[in-house]
Amino acid sequence: MATDQATQDQAHVSDGRRLRSERNKQKIVSAMMELVREGDYDPSVASIAERAGVGLRTVFRHFDDVDTLYREMSGQIEARILPEIAKPLTAIDWQGRVKEMMERRIRVFEDVMPVRICALARRYRSELLMANHKRFVAHETAALALALPPEVLENEPLKLAFDVALSFDTWRRMRQDQGFSRAKATSVLDTMLDALIAAAE
């Protein structure tokens, strides 16, 4: 009986440590997300640890380097936005599907913009972040191909024009570099798509 009790006590201690470890890990990821959303696109490990309320050793115990922390943060963002991205487009014609995709991407881009900007600032120093960037771009292009008709897909310059118009980079340029409001950027993008749709008809 004493042995069984000791085993149970050890199991409770182990479970408690696991829970504390998982809580600390989530606190670190949340702290980084908060800093990034506040405009610190390249937060130091020290500032992440301070915001999370943990020591530097705790950060490195959970994450070998900053890249692995970025990967965890990106993974959590993707898990949240994938259901939105995966929804089938419902418009009857391809022009409607393109506009529906525009509205959906604007919602997603606004959500992920701080994290994407953060990753863009570091991607040339990180093979992991560069691979994530290329995967995101490839996903954007593949998703667009499902909305466009064959006559546009066979017109390489026109297809690429749609791809650029609906890319995160175009949205980021308007929102960040040019300082457009969401409403103004949406209006500009809508005008761009109208012109491209007209060119395809």
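**Helix packing and salt bridges**

K25 is partly exposed, with a relative accessible area of 23% (buried is under 20%, exposed over 50%, partly exposed in between, with a 1.4 Å probe and protein chains only). The model is predicted: local features need pLDDT of at least 70, side-chain atom pairs count only at pLDDT 80 or more, and totals for chains, interfaces and linings use all residues. Residues are numbered from 1 along each chain as its sequence is written, and side-chain values use heavy atoms, leaving out hydrogens and water.

**Salt bridges**

- There are 10 salt bridges, each a side-chain nitrogen of Lys or Arg within 4 Å of a carboxyl oxygen of Asp or Glu.
- One of them joins E72 and K25, at 4.0 Å from N to O.
- E72 lies in helix α4 and K25 in helix α1 (residues 2–37), so this pair ties together parts 47 residues apart in sequence (helices are DSSP runs of H or I, at least four residues, numbered from the N terminus).
- E72 is also partly exposed, at 26%.
- R175 pairs with E110, the closest N and O atoms being 2.8 Å apart.
- R175 is in helix α9 (residues 168–177) and E110 in helix α5 (residues 94–122), 65 residues apart.

**Helices α4 and α6**

- The axes of α4 (residues 66–86) and α6 (residues 127–147) come within 11 Å and cross at roughly 15°; axes are lines fitted to C-alpha atoms over the stretch in contact, with angles from 0 to 180 degrees between N-to-C directions.
- The two helices are therefore roughly parallel (angles under 35 degrees).
- In α4, D67, Y70, R71, E78 and I85 meet L128, L129, R135 and H139 of α6, contact meaning heavy atoms within 4.5 Å.

Definitions and conventions
Parallel < 35°, antiparallel > 145°, perpendicular 65-115°, else oblique.
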